Amino acid sequence: MLIGDAAGGVNVPKIKGVHQAIRSGMLAAEHLAETGSPEGFDALWRASAGGRELRAVRNFKPGFKRGLWWGLANSGLEVLTRGRTPWTLKNAVPDHQRLKHLSEYESPPRGWVERTLPPRDRLASVFFASTSHDEGQPAHLKVRDTSICTDRCAREFDNPCQRFCPANVYEIVEDSGRRRLQINAANCVHCKACDIKDPYGIIDWTPPEGGSGPNYQSL
Ligand SMILES: Cc1cc2nc3c(=O)[nH]c(=O)nc-3n(C[C@H](O)[C@H](O)[C@H](O)COP(=O)(O)OP(=O)(O)OC[C@H]3O[C@@H](n4cnc5c(N)ncnc54)[C@H](O)[C@@H]3O)c2cc1C
Ligand code: SF4
């Protein structure tokens, strides 16, 4: 039985998922206690208040795959009809296959200015996350073939892991005249972006040892 976020339970337009995790967890527990089997839980969840809530918002996120304006217009329609549109849009292409090759992409002028307010860089943000790991634990980030990083990925995508990771975990460094991938796993804030967005699908995020990770204060 899949429940909570594992079952895609977040109400995306509201960015709320805690209530869905509780609802689905309670329903799953009741179902198991009553029937002694996971069979039938899927239909039960879909017919429940949590399942109906998700059905009403199913088209919001996939609508934005076709661009901002299309997504906004689609969102307006979905709000007006409360999700009663007769179609279900699909997330047809996985995120990691949507990156453009360097040869197809030209960076637009963004008008970036120097940032003066803190945090000024990603490592400062990692400091605010108070992330900590026992340095002796097995690596929780596994890159299946690091030769791709310095060769194919450098040529095709300019190592996007160096930019999409919010914690500067991945760095391409020079070592004795050769380039190699350095993984600063102790900085990881466990957002799982690398597992989802790496264009070759070769990064596996695994749960770290218990209690390791960010410890946000004053939230
Ligand atoms: C930045 C952010 C802000 C959010 N704000 C809100 C909000 O304001 N309101 C709201 O309702 N929702 C919010 N959400 C969504 C909400 O946090 C989630 O939907 C909800 O916490 C999901 O609960 P869960 O129990 O399904 O999963 P989780 O809370 O993710 O729990 C899963 C647990 O399983 C552990 N785990 C994973 N794999 C293994 C393994 N192999 N072995 C052992 N343990 C494992 C993980 O470490 C984790 O502790 C927010 C989410 C984010 C990221
Ligand atoms: S899970 Fe997030 S923070 Fe950790 S290495 Fe991957 S992208 Fe970086």
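Nine residues line the site of ligand 1: Gly 4, Asp 5, Val 10, Ile 15, Lys 16, Gly 17, Val 18, Ala 21 and Pro 207, each with a heavy atom within 4 Å of the ligand. This is a predicted model, in which local features need pLDDT of at least 70, side-chain atom pairs count only at pLDDT 80 or more, and totals for chains, interfaces and linings use all residues. Residues are numbered from 1 along each chain as its sequence is written, chains are lettered from A and ligands numbered from 1 in the order in which they are written, and side-chain values use heavy atoms, with hydrogens and water left out.

**Ligand 1**
- The shell residues divide into five nonpolar, two polar and two charged (Ala, Val, Leu, Ile, Met, Phe, Trp, Tyr, Cys and Pro count as nonpolar, Asp, Glu, Lys and Arg as charged, the others, Gly among them, as polar).
- The side chain of Asp 5 has an N or O atom 2.7 Å from an oxygen atom of ligand 1.
- From a polar side-chain atom of Lys 16 to an oxygen atom of the ligand is 3.1 Å.
- A polar backbone atom of Gly 17 lies 2.9 Å from a nitrogen atom of ligand 1.
- On its own, ligand 1 has 1000 Å² of accessible area, of which the protein covers 33% (Shrake-Rupley method, 1.4 Å probe).

**Helices α1 and α3**
- Helix α1 spans residues 18-35 and helix α3 residues 49-56; their axes are 9 Å apart, at an angle of about 140 degrees (lines fitted to C-alpha atoms over the stretch in contact, with angles from 0 to 180 degrees between N-to-C directions).
- The two helices are therefore oblique to each other (angles under 35 degrees count as roughly parallel, over 145 as roughly antiparallel, 65 to 115 as roughly perpendicular, and the rest as oblique).
- In α1, His 19, Gln 20 and Arg 23 meet Ala 49, Gly 50, Glu 53 and Leu 54 of α3 (contact means heavy atoms within 4.5 Å).

**Whole chain**
- The protein chain has nine helices and four strands (DSSP runs: H or I of at least four residues for helices, E of at least two for strands, numbered from the N terminus).

Terms used: A polar contact is a pair of N or O atoms within 3.5 Å; within protein, one must be able to donate a hydrogen and the other to accept it, and residues adjacent in sequence count only if both atoms are side-chain atoms.
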